[in-house]
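I opened this entry to look at the ligand site.

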Amino acid sequence: MLIVRNARVATMTGAQAATGHAPLGLIEDGAVAWEGEKIVYVGPSAGAPRADDVIDARGRLVTPGFVDPHTHLIFAGDRAGEHAQRLAGATYLEIAARGGGIRSTVEATRAASDEALLESARQRRARMLRSGVTTVEVKTGYGLSVADELRLLGIALSLDGVVPTLLGLHAVPAGMDRARWVAQVVDELTPEAARLGARGCDAFLEQGAFTAAECRAALEAGARAGLVPHLHADQLTPGGGAQLAADVGCASADHLEQTSPEGIAALARAGTTAVLLPLAAFFLRQQAAQAGPFLQAGVPVALGSNLNPGSQRIESVSMLLAAGCLLSGLTPAQALWACTAGGARALRLDDRGVLSIGNRADLVIFSTSDPDHLPYHAGVEHAEVVVSGGVVRGALGTLVGDTRD
Ligand code: NIG
């Protein structure tokens with residue numbers, strides 16, 4: 001058994017309601033112990049069991065490992081040129097209509113070897129783990145043929161701490177009839193991806209991408225195959241995405257920059273989690289979705305990085321927390337909940353995101369005791385020791401730095 005003692009333990013078991021919230025569920029002078037992969041104790045240090053190995057947190061903050069519920073982690077190529085074009089005035093949809101955007105990454109990804117894709121994805125995953133992200137959802141979507149999508153799924157399945165999602169309806173493959181691609185996704189790709197181990201399915205409802213009817217067909221096929229549905233909804237234009245996500249019973253609706261009050265009410269009724277991606281809004285110089293209306297309607301809010309080569313290339317948890325606060329209006333405590341318990345809820349993973357007995361031993365010891373410090377001192381990573389599935393990764397015994405400096 002291993003134990004972290006003398007910590008400020010943020011269990012994330014508090015409620016995330018808009019009023020009267022205390023989402024951190026803080027235990028002062030707390031301890032977390034685990035045996036193998038599972039947590040066996042969370043509570044005051046004074047009542048903690050004896051353990052073989054003890055980490056003295058010296059008052060530092062301990063949270064659950066971060067759960068990032070929205071990434072496009074596996075890709076080849078670089079779209080810095082498109083970023084520069086946008087900064088010179090072109091829009092994301094204009095660049096996509098000219099054959100850039102998702103399709104340009106599809107070309108680069110198809111041309112890359114399995115080894116190159118795996119290596120770059122591993123490096124990104126390793127950087128995320130070092131900053132405290134113990135679970136990462138990873139979408140396919142840059143293959144766009146049955147064989148290439150399954151190849152990306154295979155790579156996702158070979159990475160640690162990854163929840164793989166099939167995103168067949170990301171863009172219409174170049175030179176292919178859209179109805180034919182939708183039919184292939186529904187009839188061939190989805191059942192095969194489910195058989196191989198995909199956990200979720202997703203679709204991009206947007207002008208220039210897919211219609212509500214096409215997305216519905218893909219998500220319903222996914223649900224029939226046992227996949228957890230998600231939807232890219234209302235990102236660039238209001239397309240009734242939140243209503244569709246609610247109607248299909250999606251675990252999460254993601255983006256939501258353009259969602260109407262009716263869409264928010266539909267999410268609340270369906271119990272769908274709103275995954276806000278404020279770094280993408282920042283990157284595209286858009287107005288970020290505001291958390292307030294979702295929380296006030298009773299919709300749980302999660303934060304995702306949306307790491308991808310086109311609309312969001314910033315890899316930093318502290319920047320995500322900062323964007324959740326500064327751009328989407330969360331408090332630091334709500335942003336931490338959104339990156340842990342919220343992310344797990346968005347993925348329907350009930351064994352993580354919260355520090356409680358029986359859950360996976362995924363946790364982070366930070367180099368500060370102050371949760372408010374994380375989104376405030378953004379741009380540096382504050383995770384000092386990361387425990388993933390009970391395995392300690394980090395400089396155990398070197399709790400000397402303090403990122404408040
Ligand atoms: O979530 N919106 C669709 N997919 C990504 C963008 C992917 C890309 O541009 O390559 C997103 O923002």
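I sorted residues by class before counting: Ala, Val, Leu, Ile, Met, Phe, Trp, Tyr, Cys and Pro count as nonpolar, Asp, Glu, Lys and Arg as charged, and the others, Gly among them, as polar. By that sorting, the shell around the ligand holds four nonpolar, ten polar and one charged residues. I note that this is a predicted model.

**Shell.** I looked up which residues surround the ligand. There are 15. Arg79, Tyr92, Tyr142, His170 and Ser311 are the closest.

I went through oxygen atoms of the ligand next. Arginine 79 places a polar side-chain atom 2.7 Å from a ligand oxygen. For asparagine 306, a side-chain N or O atom is 3.0 Å from an oxygen atom of the ligand. For histidine 232, the distance from a side-chain N or O atom to a ligand oxygen is 3.2 Å. I then checked the cover: the ligand taken alone exposes 320 Å², and the protein buries 100% of that.

**Cavities.** How many cavities of 30 Å³ or more are there? I count three. The volume of the largest cavity is about 100 Å³. Its lining has 14 residues, and His72, Tyr92, His170, Asn308 and Ser311 are the closest to its centre. By class, I log four nonpolar, nine polar and one charged residues in that lining.

**Placement.** Where does the ligand sit? I find the ligand in the largest cavity. Tyr92, His170 and Ser311 are among the residues closest to the ligand, and they are also among those closest to the centre of the largest cavity.

Note on methods. Residues numbered from 1 in each chain as written. Predicted model: local features only at pLDDT ≥ 70, side-chain atom pairs only at ≥ 80, totals over all residues. Heavy atoms only, no water. Near = heavy atom within 4 Å. Polar contact = N/O pair within 3.5 Å; in protein donor to acceptor, adjacent residues only side chain to side chain. Areas by Shrake-Rupley, 256 points an atom, 1.4 Å probe, with all protein chains shown as cover. 1 Å grid on protein atoms, 1.4 Å probe; cavity = no way out; pocket = protein on both sides within 12 Å on 5 of 7 lines; lining within 4 Å. Sits in = over half its atoms within 2 Å of the grid points. Points joined across faces, edges and corners; volume = space filled by probe spheres on them.
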